[in-house]
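Visitor: Could you walk me through this one, starting with the strands and then moving to a single side chain?
Guide: Gladly; here is what we will be looking at.

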Amino acid sequence: EVQLVESGGGLVQTGGSLTLSCATSGFTFDDYSMGWYRQAPEKPREGVACLSSRDGNTYYHDSVKGRFNISVDSAKSTVYLQMNSLKPEDTAVYFCGGLSTCSAYEPDYRGQGTQVTVSS
């Protein structure tokens, strides 16, 4: 059974930091690019960050470049999202996904998400 379980969300003030974790199981972690997405109320889903399994390149949404960092621990089959200098507009449900490539629109696997709320 494929599982992706996010954790680390919460309430933080503007300018604060959070680190999200996504523990995975049930698929070959190193075969997949890993990404983070977010969904805010009444807004379309956004791809926030992706780490390519092919070459290790990372990709970020323009709105988070320089503030967020995606990384993986292959030994733990876990992907992380370090989020710094958080802004109220970063408030959303964040979920992780396993993708065939970072250019794929839909992840093959995804978690249920964790809420991040940034207060002004």
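**Strands and a buried arginine**

Guide: In this predicted model, strand 3 (residues 18-25) and strand 8 (residues 78-83) run antiparallel and are joined by 6 bridges.

Visitor: Which residue is the bridge partner of Ser21 in strand 8?
Guide: Ser21 has Tyr80 as its bridge partner in that strand.

Visitor: Changing topic, where does Arg38 lie?
Guide: Arg38 belongs to strand 4, which covers residues 33-39.

Visitor: Is Arg38 buried or exposed?
Guide: Arg38 is buried, because its relative accessibility is 6%, and the cut-off for buried is under 20%.

Visitor: Which side chains does Arg38 join through a polar contact, say at 2.7 Å?
Guide: At that distance the partner is the side chain of Glu46, while a polar contact of 2.9 Å links the side chain of Arg38 with that of Tyr94.

Visitor: What else does Arg38 touch?
Guide: Leaving aside residues up to four places away in sequence, Arg38 touches a list of residues including Pro44, Arg45, Val48, Ser63, Val64 and Phe68. Glu89, Asp90, Ala92 and Val93 are also among them, as are Glu46 and Tyr94, the two residues whose side chains make the polar contacts with Arg38 described above.

Methods
Residues are numbered from 1 along each chain as its sequence is written. This is a predicted model: local features need pLDDT of at least 70, side-chain atom pairs count only at pLDDT 80 or more; totals for chains, interfaces and linings use all residues. Side-chain values use heavy atoms; hydrogens and water are left out. Helices (H or I, at least four residues) and strands (E, at least two) are DSSP runs, numbered from the N terminus. Buried means under 20% relative accessible area, exposed over 50%, partly exposed in between (1.4 Å probe, protein chains only). A polar contact is a pair of N or O atoms within 3.5 Å; within protein, one must be able to donate a hydrogen and the other to accept it, and residues adjacent in sequence count only if both atoms are side-chain atoms. Contact means heavy atoms within 4.5 Å. Two strands pair if DSSP finds at least two bridges between them.
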